[in-house]
Amino acid sequence: MQLRKTLLVGLVSVTLLSGCSLFSGEEDVVTMSPLPTVENQFTPNKAWSTSVGDGIGEYYSHLRPTYQDSTVYAADRRGTVKAMDLADGKEKWKADLSEKTGFFSSNLPALLSGGLTVSGSNVYVGSEKAVVYALNTEDGKVSWQTKVAGEAISRPVVAEGLVLVHTTNGQLQALNESDGTIKWTVNLDIPSLSLRGESAPATAFGAAVVGGDNGRISAVLMQQGQLIWQQRISQPSGATEIDRLNDVDTTPVIIDNVVYALGYNGNMAALDLRSGQIMWKRDMGSVNDFIVDAGRIYVVDQNDRVVAMNTEGGVNLWRQSDLLHRNLTAPALYNGYLVVGDAEGYLHWINTTDGRFVAQQKVDSSGFLSAPIVAGDKLLIQARGGKVYAFTR
């Protein structure tokens, strides 16, 4: 019998939020750090906010907005997808992907998950019901929908006429961008126990590079669906099954023919894109996506330390440890600052030079799980309760 992701993440989340231990012994108790005291150097301006359905509630779902041109697209878990004007947040259209069951019955939720992707004339989103939807960006009508191999909880990625989807049962699938037909499927293998999360692929030079639950990075030729190479960046170790988790759930970053990848309970590694050979690696783990910019890597690790390192060998430049176990989001880089949200609904603004706090603000009592995104001159973030906020600096 396989213990799968939903149960595991639920247990881990309860432990982190409550400070209660799953195991016996004081050494296993994890408590959230108190809110650090910050003297704001500026006050970020809230440009607008608007509600998009019921959000994700207490579910582990990384739904987050996306944008193209002057339009923001966001969704809730139940099936509401909404297009909004980037300037003021006003609604352009709204679609409902929940399943109609009858005149006197409530619709069944679509269980949307993993974030939205917009490309060309469609916005794409996957679901825990193993369905990927393409909606027309002009009016929200469904262009096509396709049943895929498993739960689609990672963000779809569009490249070279394909929509790439990584499912929870370890399948990487390519769908035709125009009609959703499945072009190929690659089995990436999965262990018996893993975290609830999947790596979205990164693409470059005709290849898709993706992390797997088995601690490996895989490169696949996009047009043929042929595996080019696999490289392990994380080895299972430890006395318990949880200690031995080594998923690579973060999205790789490809810059100048170098693949940067990060695993849970594993390593941050730099690999050669052509061969998959490891150029360097260092001990660090996370399930949060990371940023590579101007010779630096910015990471929120699995204990919620915010770390900056260089790209030459992963040497630490600074470390901010005052937000331990506050269940931080992945970071965003906005106007020269690093921004992360936390489970209590605060946004923390950090100086990229030295890791010091420059601003802090309480935004939403439902808290944050998905990362902020940069959209034009604005920073967007969606709270668990479904509200989308736009900030300027």
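This is a predicted model: local features need pLDDT of at least 70, side-chain atom pairs count only at pLDDT 80 or more; totals for chains, interfaces and linings use all residues.
Entry 1: By the rule I used, the count comes to 1 cavity of 30 Å³ or more. Next I looked up what lines the largest cavity: Gly 55, Ile 56, Ser 61, Leu 63, Leu 369, Ser 370, Gln 382, Ala 383 and Arg 384. Sorted by class, that lining has 4 nonpolar, 4 polar and 1 charged residues.

**Entry 2: the cores.** How many residues does the largest nonpolar core have? I found 19, and those with the most contacts inside it are Val 81, Trp 93, Leu 97, Leu 112, Leu 116, Tyr 133 and Leu 135. The elements giving two or more residues to this core include strand S4 (80-85), strand S5 (91-96) and strand S6 (112-119). A second, separate core has 16 residues, among them Val 339, Trp 349, Val 358 and Phe 391.

Leaving out neighbours within four places in sequence, Val 81 is in contact with Ala 74, Ala 75, Trp 93, Lys 94, Ala 95, Leu 97, Leu 112, Leu 116 and Leu 135.

**Entry 3: Asp 342.** Is Asp 342 buried or exposed? I note it as buried, because its relative accessibility is 0% and the cut-off for buried is under 20%. Asp 342 sits in the loop between strand S27 (337-341) and strand S28 (346-351). A polar atom of the Asp 342 side chain lies 3.0 Å from the backbone nitrogen of Tyr 346. Not counting residues up to four places away in sequence, Asp 342 touches Leu 35, Arg 326, Asn 327, Leu 328, His 348, Gly 367 and Phe 368.

Note on methods
Residues are numbered from 1 along each chain as its sequence is written. Side-chain values use heavy atoms; hydrogens and water are left out. On a 1 Å grid over the protein atoms alone, a cavity is a set of points where a 1.4 Å probe fits but cannot get out, and a pocket is an open set with protein on both sides within 12 Å along at least five of seven lines; lining residues have an atom within 4 Å of a point. Grid points are joined across faces, edges and corners, and a volume is the space filled by probe spheres set on the points. Ala, Val, Leu, Ile, Met, Phe, Trp, Tyr, Cys and Pro count as nonpolar, Asp, Glu, Lys and Arg as charged, and the others, Gly among them, as polar. A nonpolar core is a set of buried Ala, Val, Leu, Ile, Met, Phe, Trp, Tyr and Cys residues joined through side-chain atoms within 4.5 Å. Buried means under 20% relative accessible area, exposed over 50%, partly exposed in between (1.4 Å probe, protein chains only). Helices (H or I, at least four residues) and strands (E, at least two) are DSSP runs, numbered from the N terminus. Contact means heavy atoms within 4.5 Å. A polar contact is a pair of N or O atoms within 3.5 Å; within protein, one must be able to donate a hydrogen and the other to accept it, and residues adjacent in sequence count only if both atoms are side-chain atoms.
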